[in-house]
Amino acid sequence: MQQFVDQLIQQGYFAGLPKEVVYAVAMVLAALVVLSVFVAPLAGVTSWLERRVWARMQSRVGPNRVGPQGILQWIADGIKNLLKEDIIPTAADKVLFPLAPYIVFVGFLCAFVVIPFGGSLIVADLNIGILYLLAVTSIVVVGILMAGWSSNNKWSLLGGMRSAAQIVSYEIPAGLAVLTIVFVAGTMSTQGIIQAQGWAPWDWFLFYSPFTFVAFFLYFTAALAEGNRTPFDIPEAESELVAGYVTEYSGMRFLFFFFAEWGNLYVIGAVATILFLGGWQAPPIPWVTDQPVLKGILQFVVFFIKAYLWVFVSMWVRATLPRVRVDQLMALCWKYMVPLSFVCVIGTAGWMVVWPHGNRWASIAMFIIGVIVLGVFGKRVGFQIRHSRPTLYLKPYI
Amino acid sequence: MEAQEIYNKLERQFPGKVGNFHGDVFDPYLNVDARSIVDVCRYLRDDPETAFEVLSDLTALDLPKVDSLQVVYHLYSYSKRHQIVLKADLPRETPSVSTMEGVWKVANWQEREVFDLFGVMFEGHTDLRRIMLPEDWIGHPLRKDYVEQEEYDGISTQRAPLVEKLLR
Amino acid sequence: MSEAAAPQSEVFHTEDMTISIGPQHPSTHGVLRFVVRTDGEVIKDAIPDVGYLHRSIEKIGEKCTWHGYVPYTDRADYLAAMFANQGFCMAAEKLGSTEVTRRGEFCRVIACELNRLASHLISVGTFGQDIGAVTPFLHALRERETINDLMEEICGARLTYNYIRIGGVGYDITPETCGKITVFLDHFELIVDEYNRLLSYNKIYIERLVNVAAITKEEAFQYNLVGPNLRACGVKWDIRRDIPYSVYPELDFEIPVGNGEKGTLGDCYDRYWVRIRELEESCKILRQALKMIPKGPAISKVARKFKPPAGEAYVRVEAPRGDMGFYVVSDGSEYPYRVRIRTGSFTAMAIIDKLSRGIMVADLIALIASLDVDAPEIDR
């Protein structure tokens, strides 16, 4: 994007204004565009999709009234929450309580700077892209702790503390899994990592070596934990802590937290795609990839589908699995995932010493193993679906 | 064991303390002196022939006509499949009996309920306070002579008769 | 509750945190309250505070006629209303030496076992939800909807039935309804497998529940735990088998007992597992009862002003939450002198304080759910 703005300056559009001012205005505009055109509808549609997917898994229907198939439900929810009374408890901290949702929101929104939407559609291709992403998504810890503490409510405090412990702990396996990929790609820039992969599945980093294969599952689990999603949704465990750190929030502030959560699902999926699944690399279809516009659209669609698949998987996991207890969660992180991620890092380093440019046969073998794993999983899912019973309707006159 | 045999055994063990055995009713019961009820129950629990492992129920019966408040203990034995009902008569003005908590821990809650609803004081109870009703409630509702208090926390407990409400 | 803060050490000044779980809480199984004193996540003690749902059903019993009290017994535990009905009616019949017709007995068994299915479905479903698995709850409710529809066909109400009356049952069960119950059973027995696949063998679920709050047999006897809670401790005791009533001696069914295969005997997982197995056993009982139901009147002739002779009776029924004891005293008039309902949940609450020392807040929720306490039963 910086080159685009530089081009515009050279063409004399902003005569007289110093470069910094133009940059600043461009940044604000870009942020607004990304937020309102992409992130807000995305988070909203994700919330609708989550409710529909959950409902179908629980043999009920879900929202289907507002708009075709209920797709405008999130707009209705947003308007309703905007119109609600903004309740701030008397004993809550006057400065931190209103501020907390915004910090959580900032932490999640800043991640969109380095997430590409297509080959050249990215807000800023920082050369420390992934590191920036990991750093900036940690800001949500501050926001959650602020929310928990400033509510002046013991339940919120418990939820905030649990969440802080959880997110901070799971940064480590996530970061180490990312480190594995950074080793392989040789760069921290997101565009660079994508360009180091190919469009074919066996060129993805997922199948590069057994260590990256394991690193993918480590990353996904750790990212779910960082996003406070089941099975790690202890901070907002509805049946234990009422609503955890968001207990005292109502109206739009409440919605901000969940906005950040649903948007974060997409960030998780996007980062997984960038690192492991080849990003926007699209197969070279002859009559499409020649024209830049169509190519851009194809790459956007490919990226979006790959990223959104993981959003769907997150929802699927949330509907299925029960919650892990706090001490089990910590044990899982520190006793199992951290050593395993160290093994992955060292293993990848060793792999790269032996095969500096990667081993094509190993990639193809891993790809076949991946297909087999997926096949076994699909068979189990098919078994469950075949053996599930439909609802029994006994009253014919209803 | 038949209830008559249990009664005979108790008669031998605690002479003079138990009496008034009624064997021809649906659930045979016998009266026990209020001061020795805990020892009787402990004996019934520990003796291998009677072996009453559980206290099924601990409740009270208000009998104003004979001026006594009866605390009723239903004991049951899982191993021997027999049951016995013990009753302890207490004076209605100051009903008081020792707690059964040392014999069966469940008596803790059951006795709190009897205290709450009947007003029976259990000596030696670790935590005798109201369980169902709020702490500042006055009176013991399940007594036959209970009159409800006029208001609680500023809200009247009396409801105007229906005819008056319609006329209003 | 104002309690002095207890300093834990001289170096760091730490205090225990006193929080109140309930009375408004999404998962306390009714209106219950626990005043929990914790040191971080570990509980020091959890003191239950009950009485929010006290409706003085026992006092009302002294003001209503014998027949008129039956709807009140429904509300003693609205999830297992049939059993309370049956308990009171059995006590009244014992006092009045009334015969129940054979068809009435079988109708009672059918209605009660359907109600047991519904109650255990809710218990298992809410248990899953408290642990975090939201889907089995809705699947359980889906089946319970069908049971509610069947109950509506039998007696007109979905939750508080007022079906079992003194001398028999209120309405006869038509052959059509029997057919629908059979269709439902064919469908339901395969669904229990689904719950097992989704929940019982789930590693996270098992890890949450095994070795949590194991209750030994001696403790169970001391605290008079009954029902599935007692059977999970390894005691093979079921009122239907051991103090038989109604036509249960003629029916053939197993008593599932906890065996501690996944962890300690008597822990939360055993209590859950016993309930799942009881779902299967109730289906067996229902099938037999539907086959064996004889023709005849559903209720015997009982005087409108029912006046049993003076006396006392203690009757037990095997409700889903344990053995519900009815101690009914009559003084010969048309109003009972005293009605006492002894429920399994009341004594289960008594044991929570003892078991909760040293476990975590999440485990406390699992413990309450596994004991299947039910606020209307506790407070009556």
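Biologist: Of the two pairs of chains in contact, which chains share the most contacts? Please describe that pair, with the build of chain A as the main subject.

Modeller: This is a predicted model. Of the two pairs of chains in contact, chains A and C share the most contacts. Chain A and chain B do not touch, and their nearest C-alpha atoms are 25 Å apart.

The contact between chains A and C takes 30 residues from chain A and 36 residues from chain C. On the chain A side, the elements that give two or more residues are helix 7 (154-185), helix 10 (238-241), helix 13 (292-320) and helix 14 (326-354) of chain A. By residue class, this side of chain A divides into twelve nonpolar, nine polar and nine charged residues.

As for the build of chain A, its secondary structure comes to 15 helices and zero strands. Along the principal axes, the C-alpha atoms of chain A fill a box of roughly 65 × 60 × 50 Å. Of the 398 residues in chain A, 42% are buried. Among the contacts in chain A with a separation of 6 or more, 77% are between residues 24 or more positions apart.

Chain A is divided into domain 1 (1-82) and domain 2 (84-387). Taken over C-alpha atoms, the centres of domain 1 and domain 2 of chain A are separated by 19 Å. The contact between these domains takes 19 residues from domain 1 of chain A and 19 residues from domain 2 of chain A. On the domain 1 side, helix 2 (19-57) and helix 3 (73-82) of chain A are the elements that give two or more residues. Helix 2 of chain A supplies the largest share of that side, twelve residues. The domain 1 side divides into eleven nonpolar, six polar and two charged residues.

The partner chain, chain C, can be described through one of its sheets. Three strands of chain C form an open, antiparallel sheet in the order 6-7-8. Its edge strands are strand 6 (311-319) and strand 8 (338-342) of chain C, each pairing on one side only. From one strand to the next, the twist averages 15°. Strand 6 and strand 7 of chain C form a hairpin with two residues between them. Nine bridges join strand 6 of chain C to strand 7 (residues 322-330) of chain C, and these strands run antiparallel. Within this pairing, Ala313(C) stands opposite Val328(C) in strand 7 of chain C, and Tyr314(C) stands opposite Tyr327(C) in strand 7 of chain C. In a regular strand, side chains alternate between the two faces of the sheet.

Although strand 6 of chain C is an edge strand, this strand is mostly covered, with eight of its nine residues buried. Helix 3 (residues 81-96) of chain C lies across strand 6 and strand 7 of chain C, and runs at about 150° to strand 6 of chain C.

How values were computed. Residues are numbered from 1 along each chain as its sequence is written. Chains are lettered from A and ligands numbered from 1 in the order in which they are written. This is a predicted model: local features need pLDDT of at least 70, side-chain atom pairs count only at pLDDT 80 or more; totals for chains, interfaces and linings use all residues. Two strands pair if DSSP finds at least two bridges between them. Helices (H or I, at least four residues) and strands (E, at least two) are DSSP runs, numbered from the N terminus. Axes are lines fitted to C-alpha atoms, for helices over the stretch in contact, and angles run from 0 to 180 degrees between N-to-C directions. Two residues are in contact if their C-beta atoms, placed from the backbone, lie within 7 Å. Ala, Val, Leu, Ile, Met, Phe, Trp, Tyr, Cys and Pro count as nonpolar, Asp, Glu, Lys and Arg as charged, and the others, Gly among them, as polar. A residue is buried if 20 or more other C-beta atoms lie within 10 Å of its own, exposed if 12 or fewer, and partly exposed in between; C-beta atoms are placed from the backbone. Domain bounds come from an automatic or database domain assignment.
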